[in-house]
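This report describes one protein chain for a reader who is new to structural analysis. Please keep the sequence and the model in view while reading.

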Amino acid sequence: MRKILLFSLFILLAGCYPDGPEYTDELDSVYTNYSPDFNFSQPLTYSLPGGVIDVDGNPDNSPVFIDTNFSDAIIGSLKSNLNAQGWTEVDENDDPDVVVLAAAMDSNFLYYSVDWWGWYYPGYFPGWGWYYPGYYPTYISGFSVGTIVIQMTSPSGITGNQVPVEWVCVINGLLEGTDAYIIDRIDANIDQAFMQSPFNN
């Protein structure tokens, strides 16, 4: 497997901007990896599931899908890019050359803020002197990060419990903004994943 683009967490990417990023999409990252032995330039048949699995699903391990709007956007973007390669979608029962599986998860990061100026003893500079009760957090804020994992598997190469993965893509980004804005970024990032991979090379 050969690394195409170094995968960086969005927090580390913030260091690339001295004044901080101006837009949320500047914190998105796209990582792809693939098998050098697989011929991506040949016209193949593929199969896609009807939705994107929620990795945080039910505790009983029954399949749960993410929100339909985002799931449809991911599946639709994958179909568009695969069709653009000259590949043909077939039913999963029609022996596709590859099966493309997508999963997603989200993580919430919270942080506390302290109101230093709300409580102080007269005669002392605000923020000094009497720390109780103003030292305690006065509100909680945070952000959500979404991750999409896409795997292209080869059913004909399955041996025992081992499923060969010919191509993998991991997309990381902040879940900020309207649904339409997030969907636009999903499309752009999946397009980027195909651009930096050896399809039709």
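## A salt bridge between strand and helix

Lys-79 is partly exposed, having a relative accessible area of 29%. Here "buried" stands for a relative accessible area under 20%, "exposed" for over 50%, and "partly exposed" for values in between, with a 1.4 Å probe and protein chains only. The side chain of Lys-79 meets that of Glu-89 in a salt bridge, at 3.7 Å from N to O. This pair links distant parts of the chain, with Glu-89 in strand 5 and Lys-79 in helix 2, ten residues apart. Glu-89 is also partly exposed, at a relative accessible area of 34%.

A salt bridge is defined as a side-chain nitrogen of Lys or Arg within 4 Å of a carboxyl oxygen of Asp or Glu. Helices (H or I, at least four residues) and strands (E, at least two) are DSSP runs, numbered from the N terminus.

## Basis of the model

The model is predicted: local features require pLDDT of at least 70 and side-chain atom pairs count only at pLDDT 80 or more, while totals for chains, interfaces and linings use all residues. Residues are numbered from 1 along each chain as its sequence is written, and side-chain values use heavy atoms, leaving out hydrogens and water.

## The chain as a whole

The chain contains three helices and eight strands. Read from the N terminus, its elements follow the order β-α-β-β-β-α-β-β-β-β-α. Of the 201 residues, 36% are buried. The accessible surface amounts to about 12,200 Å², and carbon and sulfur atoms account for 54% of that surface; such areas come from the Shrake-Rupley method with a 1.4 Å probe, and for residues only the protein chains shown count as cover.

A contact means heavy atoms within 4.5 Å. Among contacts between residues at least 6 apart in sequence, 73% join residues at least 24 apart.

## A second salt bridge

How many salt bridges does the structure hold? There are two. Besides the pair described above, the side chains of Arg-185 and Asp-28 form a salt bridge at 2.7 Å, N to O. Arg-185 is buried at a relative accessible area of 7%, and Asp-28 is buried at 14%.

## Two further buried residues

Asn-81 lies in helix 2 (residues 68-84) and is buried, with a relative accessible area of 11%. Leaving aside residues up to four places away in sequence, Asn-81 touches Ile-190, Asp-191 and Phe-194.

Glu-166 lies in strand 8 and is buried, with a relative accessible area of 11%. Leaving aside residues up to four places away in sequence, the residues that Glu-166 touches include Tyr-34, Phe-38, Phe-40 and Met-152.

## A glycine in a loop

Gly-157 is found in the loop between strand 7 (137-153) and strand 8 (165-174). Is Gly-157 buried or partly exposed? Gly-157 is partly exposed, with a relative accessible area of 34%. Beyond residues up to four places away in sequence, Gly-157 touches Gln-162 and Pro-164. The C-alpha atoms of Gly-157 and Val-98 are 10.0 Å apart, although 59 residues separate these two along the chain.
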